[in-house]
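Please open the model in a viewer and follow the selections below in order. Each stop states what to select and what is to be found there.

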Amino acid sequence: MSLLNIYAGSVALKRIKEEGFHANLFGGFLGASGGPKWFVLAGLDKIIFPEFLDARKGSIDIMGSSAGAFRAACLAQGDPAAAIDRLANNYAKTVYTENPQAKEITEKGYDLLYRMLGDSGISEALNSDKKNVHFFVQHCHGLVSSEKKASQLLGLSIAAAKNMLKRKSISRQFTRAVFSTRQKEGLFSDPYNFPTDFYTLNSENFVPSLMASGSIPVVLEGIKDIPNAKPGMYRDGGIIDYHFDLAFQQSDLVLYPHFYDTPTPGWFDKNVKSRQCHESSYENVVMLVPSQEFIAKLPYSKIPDRQDFKDMAAQQRISYWLEVIKQSESLAEEFIRRLQCVDIIDTIKPIQLSRK
């Protein structure tokens, strides 16, 4: 029984067969939106850099939206494992009042980020010469930029209806914004050509852009007027880039730990089963995914999600989430074991993009 599945796109699979599976293959790391779903990957995140990717000779782009951006901020720090621990444990232990409003959830979100970053996390990420971090955010326009709940919901309903017909149609309401420690020309190619603005991270906009990347519409407050970016309201990076449908223009491969074996392009596509990511977006991607056997052994036989806040009492949820974080260590052990196996190539499967 395997706890961890490894999938590779066509280009990635060819290169691995020719060159083997080693750190110098990878020029990018990707983290998806998904909130507490990420807990199943916490163990992997703690070892991927110190035990694997830190052996790479050149620099690496660490990219993420929402929870994936939070992880990117951890992985760009000097001690990524300690930062991941701070993120996982503080996130899991977060407790809200009954029926919390967006203000309370936002304030606790900021508290989580400051605990995760510690005293030196921002400077370590900004000054790293090997790790280049990129936060994906959405600049909102029209009704979705309003902080009035009714206006937001109406704007989101309009966007969802438009998205059902054509994914690109939401571009009038959302502009992608990418905040990077070092801007990189040709970082990715977008098959939908969403309008995109690029900004450089600094000490002023690091936390606001990171918070914006995780600011779920209606649930959290938006982040207004991020320093050194176009004025306006910014929200969750997963709206367009939920699990990503972008061809990252790396000369090397992209390592993508993910909680699902099939990615979903955007937030509004969760209920549009016919929409799948382009093959061209995943040609040079390697995905690390918990197996169904691993998930079946978790408490309640499922991956955590935000609904747990509503469905479980606080202590029950915290105990469950902490146990998932603990069990995620076995995925890390499995990955290290697989790296040491001469037949790792024989265990890699082609990426499947068809959504069932």
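Begin by selecting helix α4, residues 80–92, together with helix α5, residues 102–117, in this predicted model. Their axes come within 8 Å and cross at roughly 155°. Angles over 145 degrees count as roughly antiparallel, and α4 and α5 are therefore roughly antiparallel to each other. The crossing in which α4 passes α5 is right-handed.

Next, display the side chains at this contact. On α4, select Ala 83, Arg 86, Leu 87, Asn 90 and Tyr 91; on α5, select Leu 112, Arg 115, Met 116 and Leu 117. Coloured by class, the contact of α4 with α5 shows six nonpolar residues, one polar residue and two charged residues.

The crossing of α2 and α4 is right-handed.

Which residues of α2 and α4 meet? From α2, select Ala 42, Asp 45, Lys 46, Phe 49 and Pro 50; from α4, select Pro 80, Ala 81, Ile 84 and Asp 85. The contact of α2 with α4 divides into six nonpolar and three charged residues, with no polar ones.

The tour now turns to aromatic rings. The structure holds 26 aromatic pairs. One of them joins Tyr 96 and Phe 309, with 5.3 Å from centre to centre and 55° between the planes, a tilted arrangement. Tyr 96 is located in the loop between α4 and α5, whereas Phe 309 belongs to helix α10, residues 308–311, so this pair ties together parts that are 213 residues apart in sequence.

For a second pair, select Tyr 192 and Phe 194. Their ring centres are 6.2 Å apart and their planes stand at 50°, so this pair is tilted. Both Tyr 192 and Phe 194 are buried.

Then widen the selection around Tyr 96 and Phe 309 to the aromatic cluster that includes them. Together with Trp 38, Phe 39, Tyr 91 and Trp 321, they form one cluster.

Most residues other than glycine have a negative phi. Select Asn 193, which is not a glycine and yet has a positive phi of about 55°. Asn 193 is placed in the loop between β6 (188–189) and β7 (196–200). With a relative accessible area of 56%, Asn 193 is exposed.

Finally, where is Asp 225? Select the loop between β8 (223–224) and β9 (233–235), where Asp 225 lies. Its phi is near 55°, a positive value in a residue other than glycine. At 40% relative accessibility, Asp 225 counts as partly exposed.

Notes
Residues numbered from 1 in each chain as written. Predicted model: local features only at pLDDT ≥ 70, side-chain atom pairs only at ≥ 80, totals over all residues. Heavy atoms only, no water. Axes fitted to C-alpha atoms, helices over the stretch in contact; angles between N-to-C directions. Helix = DSSP H or I, 4+ residues; strand = E, 2+ residues; numbered from the N terminus. Parallel < 35°, antiparallel > 145°, perpendicular 65-115°, else oblique. Left-handed = near helix turned anticlockwise from the far one by under 90°. Contact = heavy atoms within 4.5 Å. Nonpolar A, V, L, I, M, F, W, Y, C, P; charged D, E, K, R; others polar. Phe/Tyr/Trp six-rings, centres within 6.5 Å; stacked < 30°, edge-to-face > 60°. Buried < 20%, exposed > 50% of the residue type's maximum accessible area, 1.4 Å probe, protein only.
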